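This briefing covers the cores, the strand pairing and the salt bridges of one protein structure. Please keep the sequence and the model at hand while reading.

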Amino acid sequence: MPKESRYLLCLLFLLACCSLVFADTLYLKNGRKIEGLVKKGPGEMVELEVCSGSVKFKASEIERIEKSDEQGAGQIRVGWEREKKKTMEKIAVQQKLEESQPKKAGFSKEPYGISLAVKLNGNVHATLVMDTGSTLVVLKKGLAKELGINLENAKPDVKMILADGRKVNAKFTLLNSVEVEGAVAQEVEAAIMLDDDPENNFRDGLLGMSFLKRFNFKVDYKQKRLILEKL
């Protein structure tokens, strides 16, 4: 969710909590008053619990404190929880709406196909070539270390047939996530090539159907955009 949307929802939550019935009220010497629940004080410092956390004031800044009763304090906390629940529900709805919107990923048109910037497992960046003929996402051996995958003495369990007909050995793995410009798929089947092959010029690998099948996708060659819409 964009920072602006999160900020707006949090602001609505704070505004809903600003006018409290039966709250403790701190009257400050500068003319301001703040409502909440006194957690600590009086003393050198007074700590006031508010819906978003707590704030502290020096006793010298406070003119007087008006306290609520126990019943009022309970009502305030119930109200905070109610507003918090409403805010989280709004955030969930907003996130679902944003996820359903088509994502547009810019690509580079190269001799061997369309290459895209991809993020693997949330933090590993790679450039993959889109390949609708590949059943799996295919990654070059060099990415295994970045992904925390140990290929030492690994036995091949996948036989990949490349576009030129050559067969290569690969190790099957399940990626936690694959992301292309905000379009995310979880638990994506992939194969990591066990040999470095200088003849393979498809960047860091292939973006195959184990990712693409999760979306309706369209290639806009004029704008150089891959449009991905979550199924």
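Two strands pair if DSSP finds at least two bridges between them; helices (H or I, at least four residues) and strands (E, at least two) are DSSP runs, numbered from the N terminus. The model is predicted: local features need pLDDT of at least 70, side-chain atom pairs count only at pLDDT 80 or more, and totals for chains, interfaces and linings use all residues. Residues are numbered from 1 along each chain as its sequence is written, and side-chain values use heavy atoms, with hydrogens and water left out.

**Strand pairing**

- An open sheet of 3 strands has the order β6-β16-β15, with antiparallel pairing.
- β6 (103–106) and β15 (215–220) are the edge strands, each with a single partner, so one side of each has no neighbour in the sheet.
- The antiparallel strands β15 and β16 are joined by 6 bridges, and Phe-217 has Leu-228 in β16 as its bridge partner.
- β3 (residues 45–50) runs antiparallel to β2 (residues 33–40), with 3 bridges between them; Val-38 is the bridge partner of Leu-48 in β3.
- β3 is also joined to β4 (residues 53–58) by 6 bridges, again antiparallel, and Met-45 stands opposite Lys-58 in β4.
- In β3, 5 of the 6 residues are buried (buried means under 20% relative accessible area, exposed over 50%, partly exposed in between; 1.4 Å probe, protein chains only).

**Nonpolar cores**

- A nonpolar core is a set of buried Ala, Val, Leu, Ile, Met, Phe, Trp, Tyr and Cys residues joined through side-chain atoms within 4.5 Å.
- The largest core has 31 residues, and Leu-116, Leu-139 and Phe-211 are among those with the most contacts inside it.
- β13 gives the largest share of this core, 5 residues.
- A second, separate core holds 12 residues, including Leu-136 and Leu-206.

**Salt bridges**

- The whole structure has 5 salt bridges, each a side-chain nitrogen of Lys or Arg within 4 Å of a carboxyl oxygen of Asp or Glu.
- Lys-119 and Glu-179 form a salt bridge, with their closest N and O atoms 4.0 Å apart; since Lys-119 lies in β8 and Glu-179 in β12, the pair ties together parts that are 60 residues apart in sequence.
- Lys-171 meets Asp-157 at 3.3 Å, N to O; Asp-157 is partly exposed, with a relative accessible area of 47%.
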